Amino acid sequence: MQTRQKLTATQLKIYNYVVANKKQITEITLRELASILGVSPASVVRTLEALGYQHYYDLQNEIKEELNRNKVVDDITYQAQYYFSQAFLADYDQKIVTFQEIARKTTDFVFFGIGSSGDLCDYGARQFVNNGRNAFSIDDPYYPVELSRDRFKNKTVIVLSVSGEGQPTIDQVKSFKQEGATIVSITNNEDNTIAGLSDLNFAYHLEFKIIGETINLTSQVPVVYLLERLSRALRVDK
């Protein structure tokens, strides 16, 4: 499923839900989807048209084919193949240019994330250092940002968050912004609080994989790709 044009906020909400709940989409009607999201059936129809589908069942059939292909390979391989086949990757090109503009004004990069995202922050910081820029990571949700007055001016904070809705991360992002930092975020979709707080957001649109209420198994292959691509952009820009 590929975006064919820029989506409105409502269309983006529908698109993100479909991407994250593919199996369910094959089992519910268009009206049921509209009811779940609190939008009109007409909004769903317009979203389908924007995505290049004539009918809702065209979308369902395409998703069924994707799910059947998923049975042929392991899930991680499928998720990676799906991600790298998406048209929106071309949209990264202009965002990379914007990132390079931000980097020219940045003295240091700070990576922030919690849990698995925090682990990837260490990797991201090392990649940036390997490419000639000062960088370090913070994975403490209670790091006293507000006590570091003026410390984050001319610094860019790169925030990693799958959902973009973790309250401790949101609180820290707000603190970083108040202290003058530029915010670049990498999230699963762009329709979330952290993306909204960011000066620049990169979204990767994979299906959420959640076990229970706290275990997030959403593939992080796109995050590693984006961290490496951003780090290489620093070297190209030198």
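Leu-12 counts as buried, because its relative accessibility is 18% and the cut-off for buried is under 20%. This residue belongs to helix 1, in what is a predicted model. Once neighbours within four places in sequence are set aside, Leu-12 is in contact with Leu-7, Glu-190 and Asp-191.

In general, two packed helices are described by the angle between their axes and the distance between the axes. Helix 1, residues 9-20, packs with helix 4 at an angle of about 80 degrees, and their axes are 9 Å apart. The two helices are therefore roughly perpendicular to each other. On the side of helix 1, the contact is made by Thr-10, Gln-11, Ile-14 and Tyr-15, while helix 4 brings Ser-43, Val-44, Arg-46, Thr-47 and Ala-50. Sorted by class, the residues of this contact are four nonpolar, four polar and one charged.

Helix 4, residues 41-50, also packs with helix 3, residues 30-37. Here the angle is about 110 degrees and the axes are 8 Å apart. That angle makes helix 3 roughly perpendicular to helix 4. Leu-30, Arg-31, Leu-33 and Ala-34 of helix 3 meet Pro-41, Val-44, Val-45 and Leu-48 of helix 4. In this contact, seven residues are nonpolar, none is polar and one is charged. Val-44 of helix 4 takes part in the contact with helix 1 and also in the contact with helix 3.

Five strands form an open sheet in the order 2-1-3-4-5, with parallel pairing. Strand 2 (135-138) and strand 5 (200-203) stand at the edges with a single partner strand each, so one side of each has no neighbour in the sheet. On average, neighbouring strands of this sheet are turned by 20 degrees against each other, direction ignored.

The pairings can be traced strand by strand. Strand 1, residues 108-112, pairs with strand 2 in the parallel sense over four bridges, and Phe-112 stands opposite Ile-138 in strand 2. Strand 1 also runs parallel to strand 3, joined to it by five bridges, with Val-110 opposite Val-157 in strand 3. Strand 3 in turn pairs with strand 4 over five bridges, again in the parallel sense. In that pairing, Val-159 stands opposite Ser-185 in strand 4.

Is strand 3 mostly covered or mostly uncovered? It is mostly covered, as six of its six residues are buried. Both of its faces are covered, with Lys-155, Val-157 and Val-159 buried on one side and Thr-156, Ile-158 and Leu-160 buried on the other. Helix 7, residues 92-104, lies across strand 1, strand 3 (155-160), strand 4 (182-187) and strand 5. Its direction is at about 145 degrees to strand 5.

The loops around the sheet hold some residues worth a look. Asn-154 is placed in the loop between strand 2 and strand 3. Although Asn-154 is not a glycine, it has a positive phi of about 65 degrees. His-205 lies in the loop between strand 5 and strand 6 (210-211). Its phi is near 55 degrees, again a positive value in a residue other than glycine. His-205 counts as buried because its relative accessibility is 5%.

A further loop, between helix 8 (116-130) and strand 2, contains Asn-131. Is Asn-131 buried or exposed? With a relative accessibility of 5%, Asn-131 counts as buried. A polar atom of its side chain lies 2.9 Å from the backbone oxygen of Gln-127. Ser-231 itself lies in helix 11, residues 221-237, and is buried, with a relative accessible area of 0%.

Conventions
Residues are numbered from 1 along each chain as its sequence is written. This is a predicted model: local features need pLDDT of at least 70, side-chain atom pairs count only at pLDDT 80 or more; totals for chains, interfaces and linings use all residues. Side-chain values use heavy atoms; hydrogens and water are left out. Two strands pair if DSSP finds at least two bridges between them. Axes are lines fitted to C-alpha atoms, for helices over the stretch in contact, and angles run from 0 to 180 degrees between N-to-C directions. Contact means heavy atoms within 4.5 Å. Buried means under 20% relative accessible area, exposed over 50%, partly exposed in between (1.4 Å probe, protein chains only). A polar contact is a pair of N or O atoms within 3.5 Å; within protein, one must be able to donate a hydrogen and the other to accept it, and residues adjacent in sequence count only if both atoms are side-chain atoms. Angles under 35 degrees count as roughly parallel, over 145 as roughly antiparallel, 65 to 115 as roughly perpendicular and the rest as oblique. Ala, Val, Leu, Ile, Met, Phe, Trp, Tyr, Cys and Pro count as nonpolar, Asp, Glu, Lys and Arg as charged, and the others, Gly among them, as polar.
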